[in-house]
Amino acid sequence: MMIQFCVFALLICVANAVNCTVDDTQKTDCGHVGTTQPTCEAAGCCWKPVDPNPNNVPWCFYGADHPQPPSPKPSNNGSFTPDEIATMKKYFFANINIQNSGGVVAAPDYNTKGGSYYFHWMRDSGITYNVVLNILDNPDDYLGKYIQWVQHAQSQADPNGIDARGEPKFMLPSGDIFTGGWCRPQNDGPGLRATALGNYATKLISEGRTDEVKNTIWGIMTKDCDYVSSVWQQTSQNCDLWEEVRGEFFFTLMAQRKGLLVCSRVAQALGLSSQSAQYKATATNVQATISNHWNGQYIFESTGRPKDSATILGILYGDDNDGFLSPTDPKVVSTVTVLNNAFYNQFSINAKDDAAGVPGILWGRYPGDSYAGGNPWILNTGGLADLYFRQAKAVRKAARQGTCLPVEHLKAFAPLVGDWLHSARSESATCEKLADNLASLGDGVLQRIRYHVEPLGFHLPEQVDKDTGAFANAHDLTWSYGSVLLALHTRDS
């Protein structure tokens, strides 16, 4: 009898054994900060310490046999109503041009889990004013004040011993440089700021207002693009957009390349051919470095933190419509699939929302994030919706031009939208169906955001709780509004 019991127990152990043969690049966090080997293995996960760990490989990870999370559920019902969109716009614009200064408050919240957010960040403001340019027919009043803000910011003697153009954070409403301890320099901001100013300059030139560009905007644009040209290779001290680590980052490089290309086009429009060529040549060099951020499975943000939604934000804010890492590029699509899997596993609220019939998925910053509890972020999730809509727009345009997409591009979408490749009778019909599916995925993501912010009266926070979906940190985050409103604008366009 004892022998029979031991054999039976052995069979159970073999049946329940976890296959822990997983390549480091494919490991998905099963734990959190503070997870120990006993708690990891009790959860049915694998434990393998890595020390030193320069690539931030998870110690506690899902086994090879762990079922992959489902693809985000699509929606056929749209997302926010016109009244709800108007409400979010009201809250968004309340955070812009603080006291007529041109400054943008990150959030009017003095008591977040990370301290006060009542400051102007160069990165956030560049992104914000690009949203303003997209959603307002006449942005002159806002952009005029922003130009004055930037002129003051650039002209200051830096109290922290660096170039003022690398400063991330400024006081409101004065515009003075923040002098407290912070991760600086942050070299994504100048590229994003140059992009916003350059897009506005392009608009003015198209309206016959070239003299305004020559007399005001061009001078401050070139200061930012000259700075980018001089520092883009100096990565050892550069801080990431989450202000936590230093190094070479995909997001920063994409922002820098975009800013340089915008400066190049404006210079060309002003008849400055030599300066235009210099900016374009530098952008080409930046692009070569960006191309090294593909590891064969996905685009990685940095060697120390490879899986990071910053890569998708970099695609959104750095896309120059020139074919380089376009939204439909298989590398971009594969990265979305990898991040979908990572964030679905990280946040229990995703499975709970699925069970409740709520479409979409919630994203965070990166697997293993612990800031303010390590929760889903609205701005990152809204960015995913925006990307789906951009993909849908590109695919539909290709279909209606009779070209569709290359086969390798089409196949990359299969994990996101299922087996649709052989269900249509023509290439054009295949792409039309893919476009519909991608738009539905975008709607689904926005619906999941809506589901969690409706109880907040459509005040968009920075984070929602990873287990309950309730408010988690920083009310009325400007970047959250900008991300969602830009996604809705892309959808409408």
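Q: How much space lies in the largest pocket?
A: Rolling a probe the size of a water molecule over the atoms shows where empty space is left. A pocket is an open set of points on a 1 Å grid over the protein atoms alone, where a 1.4 Å probe fits, with protein on both sides within 12 Å along at least five of seven lines. In this predicted model, the largest pocket holds about 940 Å³.

Q: Which residues are closest to the centre of the largest pocket?
A: Lining residues have an atom within 4 Å of a point. There are 29 of them here, and Leu316, Asp319, Asn321, Arg390 and Lys393 are the closest to the centre. Residues are numbered from 1 along each chain as its sequence is written.

Q: Which helix supplies the largest share of the lining?
A: Helices are DSSP runs (H or I, at least four residues), numbered from the N terminus. The largest share, 6 residues, comes from α13, which spans 378-400.

Q: Which residues touch the most other members of the largest nonpolar core?
A: Such a core joins buried (under 20% relative accessible area, 1.4 Å probe, protein chains only) Ala, Val, Leu, Ile, Met, Phe, Trp, Tyr and Cys residues through side-chain atoms within 4.5 Å. Phe80 and Met88 lead among its 127 residues.

Q: Where is the pLDDT below 50?
A: pLDDT is the predictor's confidence in each residue, from 0 to 100. The chain averages 90, and 90% of the residues score at least 70. Residues 1-16 fall below 50. Where pLDDT is low, the predicted coordinates should not be read in detail.

Note on methods: This is a predicted model: local features need pLDDT of at least 70, side-chain atom pairs count only at pLDDT 80 or more; totals for chains, interfaces and linings use all residues. Side-chain values use heavy atoms; hydrogens and water are left out. Buried means under 20% relative accessible area, exposed over 50%, partly exposed in between (1.4 Å probe, protein chains only). Contact means heavy atoms within 4.5 Å. Grid points are joined across faces, edges and corners, and a volume is the space filled by probe spheres set on the points. Helices (H or I, at least four residues) and strands (E, at least two) are DSSP runs, numbered from the N terminus.
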